[in-house]
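Reader: I'd like to learn how to read the packing in a model like this one. Can we go through it together?

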Amino acid sequence: MLTVDFDRLRVGRGTRFIDVGAGAGRHSYEALRRGADVTAYDMDEVELKGVDEMFGALELEGEVPPGGSAAVRVGDILDMPYADGSFDVVLASEILEHVPQDDAAISELVRILAPGGILAITVPRWLPERICWALSDEYHGNEGGHIRIFKADALEAKVVANGMRFTHKHHAHALHSPFWWIKCAVGVDREQHPLVRTYHQMLVWDMMQAPAATRLAERALNPVIGKSVALYFQKPL
């Protein structure tokens, strides 16, 4: 389940790609399948161990084009151990809403991006997120949880203030918004609630089968209730 458009990122063989806040690695795997030089960067050492194992599995299955490579690195977004301009593409997907010092984090993302490179940032969209917060304090009021709700234009302004040029915006995962509204309404930890379980089964089916009908429905609904907003920027030469 990808939140960003890899064709728009222009990820290909030899692209120096870093996935900041990689989590379970879904975007890192896609970059590796395209032959990029991938770094999965996150604070969670345990989760990165699983990502590293999956990198090895992808190579064994022959899914990595010649020249593709991947590594994991544990670290903090506020102090990344890379020289200025180290990467052609920098991705930060669903991470800034967790970071108290978001301005400092944005500055680091821009710093490690090479001139001419592309930065993509995704965060929960304001309206679906605001509904979740209204329905449940538990959804966001926990250690490591969401500490702010971004408006896309405000986030765009923060990144542009760091010298970047805004290029594009889109929304994603509209079918996931009702799932989280249901979870917030019945209790975020009640995974076996009939409504939660049934909707989750539908989402899994949709991701596995990718039927045309739901793809069309999601594209139509994304501008209205897309769970995430993706912003794209380019660093001037």
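This is a predicted model: local features need pLDDT of at least 70, side-chain atom pairs count only at pLDDT 80 or more; totals for chains, interfaces and linings use all residues.

Author: Start with the largest nonpolar core, which has 28 residues. Val 90, Leu 96, Leu 109, Leu 119 and Leu 155 touch the most other members. At least two residues of this core come from each of strand 1 (16-20), strand 4 (87-93), helix 4 (102-111), strand 5 (113-124), helix 6 (152-160) and strand 7 (228-234).

Reader: Which residues does Leu 109 touch, leaving aside those up to four places away in sequence?

Author: Its partners are Val 20, Ile 77, Met 80, Val 90, Ala 92, Leu 119 and Ile 121. Apart from that core lies another, of 22 residues, including Phe 17, Val 38, Leu 58 and Leu 91.

Reader: And which residues of helix 4 are buried?

Author: Asp 102, Ala 105, Ile 106, Glu 108, Leu 109 and Val 110 are. They pack against strand 1, strand 4, strand 5 and helix 6.

Reader: How do I read a helix pair, then?

Author: Two packed helices are described by the angle between their axes and the distance between the axes. Here, the axes of helix 4 and helix 6 come within 9 Å and cross at roughly 55°, so the two helices are oblique to each other. Their crossing is right-handed.

Reader: Which residues make the contact?

Author: Helix 4 brings Asp 102, Asp 103 and Ile 106, while helix 6 brings Leu 155, Lys 158 and Val 159. Sorted by class, that contact of helix 4 with helix 6 has three nonpolar, no polar and three charged residues.

Methods
Residues are numbered from 1 along each chain as its sequence is written. Side-chain values use heavy atoms; hydrogens and water are left out. A nonpolar core is a set of buried Ala, Val, Leu, Ile, Met, Phe, Trp, Tyr and Cys residues joined through side-chain atoms within 4.5 Å. Buried means under 20% relative accessible area, exposed over 50%, partly exposed in between (1.4 Å probe, protein chains only). Helices (H or I, at least four residues) and strands (E, at least two) are DSSP runs, numbered from the N terminus. Contact means heavy atoms within 4.5 Å. Axes are lines fitted to C-alpha atoms, for helices over the stretch in contact, and angles run from 0 to 180 degrees between N-to-C directions. Angles under 35 degrees count as roughly parallel, over 145 as roughly antiparallel, 65 to 115 as roughly perpendicular and the rest as oblique. A crossing is left-handed if the near helix is turned anticlockwise from the far one by less than a right angle, and right-handed if clockwise. Ala, Val, Leu, Ile, Met, Phe, Trp, Tyr, Cys and Pro count as nonpolar, Asp, Glu, Lys and Arg as charged, and the others, Gly among them, as polar.
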